[in-house]
Amino acid sequence: MARRFYQVARSLIEANRSPTMKTLDLRGSADLLCVNMMCEKVGEACICRLSRVLEKNGTELRSLCLADNNICAFWT
Ligand SMILES: [Zn+2]
């Protein structure tokens with residue numbers, strides 16, 4: 001039987017469908033490219049999409065990988 005939800009999500013699309021995901025692996029992912037015109041980071045790597053997904057489906061999350069995404073400016 002196919003599992004309905006991902007325990008390990010590897011994209012924001014998977015994460016969106018995975019309310020019980022334990023691990024989110026966005027290593028080198030294009031998903032972090034910001035498309036929000038209201039955001040100062042539009043066109044760059046940004047966490048606004050990620051934060052929306054985690055607000056919805058992040059309750060079970062134990063591991064988050066954001067390596068290789070050019071995100072050095074996230075928390076400045
Ligand atoms: Zn943004």
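1. A residue is called buried if 20 or more other C-beta atoms lie within 10 Å of its own, exposed if 12 or fewer do, and partly exposed in between, with C-beta atoms placed from the backbone. The face of helix 2 turned away from its buried side carries two exposed residues, Ser 51 and Glu 55.

2. The model is predicted: local features need pLDDT of at least 70, side-chain atom pairs count only at pLDDT 80 or more, and totals for chains, interfaces and linings use all residues. Residues are numbered from 1 along each chain as its sequence is written.

3. Two helices and three strands are present in the protein. Helices (H or I, at least four residues) and strands (E, at least two) are DSSP runs, numbered from the N terminus. Along the sequence, the pattern is β-α-β-α-β.

4. The three strands form an open sheet in the order 1-2-3, with parallel pairing. Strand 1 (8-9) and strand 3 (63-65) are at the edges with a single partner strand each, so one side of each has no neighbour in the sheet. Two strands count as paired if DSSP finds at least two bridges between them. Strand 1 pairs with strand 2 (residues 23-25) in the parallel sense over two bridges. Ala 9 has Leu 24 as its bridge partner in strand 2.

5. Which residues of helix 2 are buried? In this helix (residues 48-57), they are Leu 50, Val 53 and Asn 57. Seen down the axis of helix 2, the buried residues fall within an arc of 65°, so they line one face of the helix. The arc is that of the directions from the helix axis to the C-beta atoms.

6. What do the buried residues of helix 2 pack against? They pack against helix 1 (12-16). Two residues are in contact if their C-beta atoms, placed from the backbone, lie within 7 Å.

7. Arg 49 also belongs to helix 2. This residue counts as partly exposed because it has 18 C-beta neighbours inside 10 Å. Leaving out residues up to four places away in sequence, Arg 49 touches Leu 12 and Asp 31. Arg 49 and Asn 36 are 13 residues apart in sequence, and their C-alpha atoms are 8.6 Å apart in space.

8. Two figures describe the protein as a whole. Of its 76 residues, 18% are buried. Among contacts between residues at least 6 apart in sequence, 46% join residues at least 24 apart.
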